[in-house]
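Good morning, and thank you for the time.

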Amino acid sequence: MADNLRALFSSNDPSAFDVAEAFTDRNSQWGVVAAALEEHLRRIAGGAFDVEDLEAPRTNLIVFHGVGGVGKSTLLRKIEATLTAAEHRPEQWGAPTWTERVLPIRIDLSRAASTGSDFERVILTIRLALAGALDRTVPSFDVALRNYWEHTHPGEPLDEYVRRSGLAGRFANLLPGQLQAGVGEVAAALALPGLVGSAAGQLTTALVTALRERQERARALAGAARTAALLEATPDLEALSYYPHLLAWDLNQLPAKKRLTPVVLLDTFEDTADRHRDFERLLQRLVWLMPNIFFVIGGRSRLQWADPALHGQLDWTGPNAWPGLATAPSSLTVPQPRTAGTGARQFLIGDLSPEDCETHLARRLVHDGRPLIDADIRTAITARSHGLPLHLDLAMSRFLEIRRTGRTPTAADFDCTFPALLARTLSDLTPEERHLLRSVALLDAFDLDLATRTAGLPQQAPARRLVERPLVTEDPYALWPYHLHRAIRSAVQEDEHSDDRWTPADWHQAATRALAALGEQWAKAAALAPSRMLLVACLRQGLRLARDHRLTGLGWLTEAAFVYTDDSVWEPLTPPTTGTGAPDTAADAVAELLTAIARRQREHRRRTADRLTAVLDTGLLPAELTEMALYYRAKAHKDLSQNDAARTGMQQVADTGGRLAVKARRALANLARLAGDFPTALAAVPTLGWKGRHHRVLGDIHWSHADTPAAVNAFEAGRAEAEQHGAAGERAMMQVRLALAVSFADPDRAADELALAHQLLDGLDQRSNTLLAQVVALIKDAGTRGLDVTARAESLRTDIEAAGLPFLHRFVELALAFHHSVRSDDQALTATIGRLRTLTATGDFAYFTDIAHFMAGLPLPGPSTTRWTRNETEVRTAWRGLIQARQEHLATGN
């Protein structure tokens, strides 16, 4: 209603638009309330329920907690309205299944200070609600309350206090009369009519005496076992906190026709917080001592009553006392205790979905039956809000403010955060927690150690307190489990209004600490057991920090970049760039370098070469990473069949003698092989070692000579070596090449090897090897009718062209040459050889044309430039033998 009035008074023409309630989502929250309340009603109606049992676990509550502005108060108000009258129930909420009478009582604790006297407000609010609903006394409680009041507030009439404290309502005038009537009932029961107008203390003494003497009429009226002891205690605040036990007993004695179940909704529970939990302790007694009343609690923080560590601060703690509160987001894998009650009683209120944000904004302001806020603006607000309802309401207010100036709002007006959102977030944080909040706003995700080191604090305790607040969400299965709410993170980063906001220097220092903390965490973990997941996660956060905050000391990022590229897995690393300009810092250049290298698996190789050239032209890369850019640009040139440029680049890297020199020498050996100079390639193998992937180079030489056993041995050795080094990318490459070598000679084994290759490639994003595996499948099926090898080859050509990997076209034609040779299809073979001759006109892969002639038993059309490691006749015989073996295999049906 407050939002509606605010909108109403924002314009001189209230009729220009309608302000409507737009309650969205929260179906699941209503569902858990309805189910828990139904279970509660069924339990208290059962014969086993004992309202005086103070040892049984308590399940008479539901707790909703969440970040400020997420809609907890709105939810509690809607639950109150729904329980009051069916016409107030949202259409999307199903009708309740119970028939019992319930009485909703919502108490806004935000009006309470952190003094124990505010407990009186809670007690009186509940009693006032019952005054109107019951229209009768609750005698044992009323006598105790009157006695307390006369002792604690001498000379102050209760009705005057009710009016002065703001509790007055349509039932306020009933309470004094009902208290007096309760006194009369007690006096009549004790046959002491003369005490009706006397002080409550005299009546209390008489009632206690009668109860001690076990007088039947007194026991029938106020027969709770602990009534006498409560009435004998000094009537102070401590005693008042136990009086709800008497009220619970009185309610339990109501006749069936008058029976009702109060549902007390305690809103903004976070405002009860104080150093010693004094107010919270009183409220916990209220819940515990009234097991027949159902409570719905809303607050920013998780209710910790099930935490055994609070023993001594509160009266009842631990999972046995509060089984439904024991399951917290931080302990999702811990089973709940086997105690009374079913299911959890504590729930985190989440953000609204984009669809519900759209619905909220569309229905909130309406003109002539149409949304006042245009669709593009609603989309912009939704994207910025990250589902936080408070952001939606603040955006709506901004919309009306802009509209009031006579200007038409645009989507760009809502690409902003709101100071009010941040102010609400910071209001209940300590200075240390506010400092930590800003520190972790730099991080996409974090753990306690990372947060503490980023903040530059000596202890983790403030971080532990912060992550317990709902503005931090937790995924216990993530590498770093904690995430700051995205809307709050944006508000913190863009803060220009709070008194303790950070300066640019503060942000720069914190980013420097965060980058160093990420590097130390990665280095420590890598020293024990290398983790690809941690490496990539650290790189993603580190690169963004270095880029966004223009950090100059890249430190560990250089080493991490080499480790990242070593394994050829290519997970995406960096977020979208913040601008379209060229890199202007070393961090920008490194981010662009690694992004270009990783994205080459999803972009045309021409684009990769151009991006790497642009990075090199900036001159911003450190020397080691300049070598990396040259190396991968040369690889892109090789994939584009620009082998002269590839040789130049690889020779430049090899001549530097840096970390990639060995890999560059391997690339030069491969380029020699592609040019048909096999002896030169073979001579380089002993100089390569593991870093130069010597087994891969050797295997490629052997399969090109149709020496399947030697090729298989080399690739199997390379795969084993990759496994020893934990190099998943290299292992997958070796497996694809192993399947390639086997596919010519043994199609049955090739099927198994190919299946393993696909398994190892899964998740690695190696585009060229994935396409090569499809070539292997063509070779495996060569000569087989019904598998349409030619049509599949045509489809594969399209994929290769889109990927910008033209060197693979030669492999497709070689596979087709094998297929047509097995089938003795001379016409198709002639066409295939013609295409191969065109593709190898530059000299690279020219030996594929020779192999195609060898397969078909055809003479070469002229002198060959290929230099084999064996006699050409032996190579010809070996390839022709593979064709004959496949023909025999197909003929026998094996």
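Let me begin with charges over rings. Arg 58 is placed over the face of Trp 288, 4.4 Å from the ring centre. A charge sits over a ring here if NZ of Lys or CZ of Arg is within 6 Å of the ring centre and within 35 degrees of the ring normal. Arg 693 likewise lies over the face of Trp 690, at 4.0 Å from the ring centre.

A word on the basis of these values. This is a predicted model, in which local features need pLDDT of at least 70 and side-chain atom pairs count only at pLDDT 80 or more, whereas totals for chains, interfaces and linings use all residues. Residues are numbered from 1 along each chain as its sequence is written, and side-chain values use heavy atoms, with hydrogens and water left out.

The chain has 40 helices and 10 strands, taken as DSSP runs numbered from the N terminus (helices H or I, at least four residues; strands E, at least two). Of its 894 residues, 54% count as buried, where buried means under 20% relative accessible area with a 1.4 Å probe, protein chains only.

I turn to the aromatic residues. The whole structure contains 25 aromatic pairs; rings of Phe, Tyr and Trp (its six-membered ring) pair if their centres lie within 6.5 Å, and planes under 30 degrees apart count as stacked, over 60 as edge-to-face and the rest as tilted. Trp 305 and Trp 322 form a tilted pair, 4.9 Å centre to centre with 50° between the planes. Both residues of this pair lie in the loop between strand S5 (294–299) and strand S6 (346–348), 17 residues apart. Trp 305 is buried, at a relative accessible area of 0%, and Trp 322 is buried, also at 0%.

How are the rings of Phe 744 and Trp 879 arranged? Their centres are 5.1 Å apart and their planes stand at 85°, so the pair is edge-to-face. Phe 744 belongs to helix H33 (residues 728–745) and Trp 879 to helix H40 (residues 872–892), so the pair ties together parts 135 residues apart in sequence. Phe 744 and Trp 879 are both buried. Ring pairs also link them into a cluster whose members include Phe 678, Trp 703, Phe 807 and Trp 868.

Finally, helix packing. The axes of helix H18 (residues 431–440) and helix H19 (residues 448–455) come within 9 Å and cross at roughly 105°. H18 is therefore roughly perpendicular to H19, a class that covers angles of 65 to 115 degrees; axes are lines fitted to C-alpha atoms over the stretch in contact, and angles run from 0 to 180 degrees between N-to-C directions.

Key. Buried < 20%, exposed > 50% of the residue type's maximum accessible area, 1.4 Å probe, protein only. Parallel < 35°, antiparallel > 145°, perpendicular 65-115°, else oblique.
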